[in-house]
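The sequence and structure are shown below.

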Amino acid sequence: MTDPVFPRIAIIGAGLIGSSIARAAREYGMAGEIVLYDANPDVRARAAEIGLGEVAPSLEAAAAQADCVILCVPVGALGNVAAGAVPAMKDGAILTDVGSVKSEAARALSAAADGRIHMIPGHPIAGTEQSGPDAGFPTLFQGAWHILTPVETGAAGEAEALAQLTAFWKGLGAKVESMDAARHDRVLAITSHLPHLIAFNIVATAFDMETVEQGEVVKYSAGGFRDFTRIAASDPVMWRDVFLNNREAVLECLGRFSEDLAALQRAIRWGDGDMLMREFTRARTIRKAIIDAGQDSGAVNFGRNVPKAEE
Ligand code: NAP
């Protein structure tokens, strides 16, 4: 087994991502000691009960002796949590996060910077629709991208700090890349944020339609709708904060999406089968490229064993 990258890490927010980091760091030996803190007393109690690590009584106590503090809270809470953690942290320690919007993470962490601490926001492109300390698992980051968006703080040894954090995430199984925060937010707006918005919307529309009995929506949900319901089951607080904090990039994507949707609407209205064939064929090519890049399974129906469904 390799030596731990960090003698001690502090995980703030012991939900899906925080508890997965705790489990992976232990399983792959990437941290000597793991301390956790969560604002929710029930989550703290559960984290202790299932043995995620040492559970601290306060944010400051968790941050105090850590070599790396990882904020795993909703994006809207990053500012307050960073401001609370930094004064307690030791000189030269690293403050990072896992928030889904990196411009806001950079702003929140920069606002708390005091020149002693390294600020390296990050985002694991990995997750599920579940929340809480029981939802995490150690292999969540295996083969997934982890994007780092470092902030210059003037603290000595910035390159070494970045190398250490990169080694930590690689040790958890991730592929690590550094990127500008604004670019990250533009890319994620189309690959993650807009798909979630569409899923929230289609589920709401289906349940609001007067002509569709709710029982029938559920009964026939295997027809494509079910995959949207999985995405739409994601944590509302997390997603509220994503849309409030990546507004510009999401609105830009939504504008283009609406135009393309209107073009499909027109093709259906005018019976333009050629146009529909062109667009659907192109979409198939993109799906193939994603499978070829190892970003998803090529198994039929994602490998799910379900009764025959009309997709
Ligand atoms: P989660 O399962 O809901 O866990 C978040 C935990 O943070 C909850 O226990 C929450 O307590 C706690 N918390 C909230 N405010 C806090 C504060 N001020 N101080 C300390 N703890 C606080 O959420 P998650 O899915 O792990 O998401 C955490 C972060 O990861 C978010 O920023 C999200 O954008 C990012 N992320 C999520 C995914 C994903 O698929 N879920 C993927 C990549 C990145 P309560 O129970 O009281 O709310």
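Strands β4 (residues 68-71) and β5 run parallel and are joined by 4 bridges; two strands pair if DSSP finds at least two bridges between them. Ile70 stands opposite Thr96 in β5. The model is predicted: local features need pLDDT of at least 70, side-chain atom pairs count only at pLDDT 80 or more, and totals for chains, interfaces and linings use all residues. Residues are numbered from 1 along each chain as its sequence is written, and side-chain values use heavy atoms, without hydrogens and water. Helices (H or I, at least four residues) and strands (E, at least two) are DSSP runs, numbered from the N terminus.

Strand β5 (residues 94-97) is covered on both faces, with these buried residues:

| Side of β5 | Buried residues |
|---|---|
| One side | Ile94, Thr96 |

Buried means under 20% relative accessible area, exposed over 50%, and partly exposed in between (1.4 Å probe, protein chains only).

Asp67 lies in the loop between α3 (59-64) and β4. Asp67 counts as buried because its relative accessibility is 17%. Apart from neighbours within four places in sequence, Asp67 is in contact (heavy atoms within 4.5 Å) with Phe6, Pro7, Arg8, Lys90, Ala93 and Ile94.

Helices α7 (residues 181-208) and α10 (residues 236-245) pack at about 120 degrees, with axes 11 Å apart. Axes are lines fitted to C-alpha atoms, for helices over the stretch in contact, and angles run from 0 to 180 degrees between N-to-C directions. In this contact, Ser192, His193, His196, Leu197 and Phe200 of α7 meet Trp239, Val242 and Phe243 of α10.
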